[in-house]
Amino acid sequence: WGLAPLSPTVLGERGFGPFREVLSAVMGPAGAARIDHAMGLERLFFIPDGMSALDGAYVAMPGLADILVEESHRHNAIAIGVSFPRGASRSSVMAR
């Protein structure tokens, strides 16, 4: 897709503000957010610019699922996740 991934370090330093703003922009007016590839809330596969997938690595994205739950409660919205990671509790990601 050619999109730069969010940095988990910078997100943490900013109190997850950029992620919260995106969720707020969707959940406020729509009352719901569908998260495709919800497993990305736990980890993402990063490939350095100009490198191949062989040079990539999984990077943990701690806290994003928790933020999704918090924001869904704050907006009284529903969050719908698709493609949950193995072992993840669907009730922990889907909240109203």
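## A partly exposed methionine

With a relative accessibility of 41%, Met-39 counts as partly exposed, a class that lies between buried (under 20% relative accessible area) and exposed (over 50%), using a 1.4 Å probe and protein chains only. Met-39 belongs to the loop that runs between strand E1 (32-35) and E2, and although 42 residues separate Met-39 from Gly-81 in sequence, their C-alpha atoms are 8.5 Å apart in space.

## Basis of the description

The model is predicted, and local features therefore need pLDDT of at least 70, while side-chain atom pairs count only at pLDDT 80 or more and totals for chains, interfaces and linings use all residues. Residues are numbered from 1 along each chain as its sequence is written, and side-chain values use heavy atoms, with hydrogens and water left out.

## The chain as a whole

The chain contains four helices and four strands, which follow one another along the sequence in the pattern α-α-β-β-β-α-β-α; helices (H or I, at least four residues) and strands (E, at least two) are DSSP runs, numbered from the N terminus.

Of the 96 residues in the chain, 27% are buried. Among contacts (heavy atoms within 4.5 Å) with a separation of 6 or more, 55% involve residues 24 or more positions apart. The chain exposes about 6,400 Å², of which carbon and sulfur atoms supply 57%, the areas coming from the Shrake-Rupley method with a 1.4 Å probe.

## An aromatic pair and a charge over a ring

One aromatic pair is found when the whole structure is searched. It joins Phe-45 and Tyr-58, whose ring centres are 5.0 Å apart and whose planes stand at 70°, so the pair is edge-to-face; rings of Phe, Tyr and Trp (its six-membered ring) pair if their centres lie within 6.5 Å, and planes under 30 degrees apart count as stacked, over 60 as edge-to-face and the rest as tilted. Because Phe-45 lies in strand E2 (residues 43-46) and Tyr-58 in strand E3 (residues 57-60), the pair ties together parts that are 13 residues apart in sequence.

Phe-45 is partly exposed, at 37% relative accessible area. The ring of Tyr-58 also has the charged end of Arg-43 sitting over it, 3.8 Å from the ring centre, where the criterion asks for NZ of Lys or CZ of Arg within 6 Å of the ring centre and within 35 degrees of the ring normal.

Ser-72 is part of helix H3 (residues 64-74) and, with 0% relative accessibility, counts as buried. The side chain of Ser-72 reaches the backbone oxygen of Val-69 at 2.8 Å.

How values were computed: A polar contact is a pair of N or O atoms within 3.5 Å; within protein, one must be able to donate a hydrogen and the other to accept it, and residues adjacent in sequence count only if both atoms are side-chain atoms.
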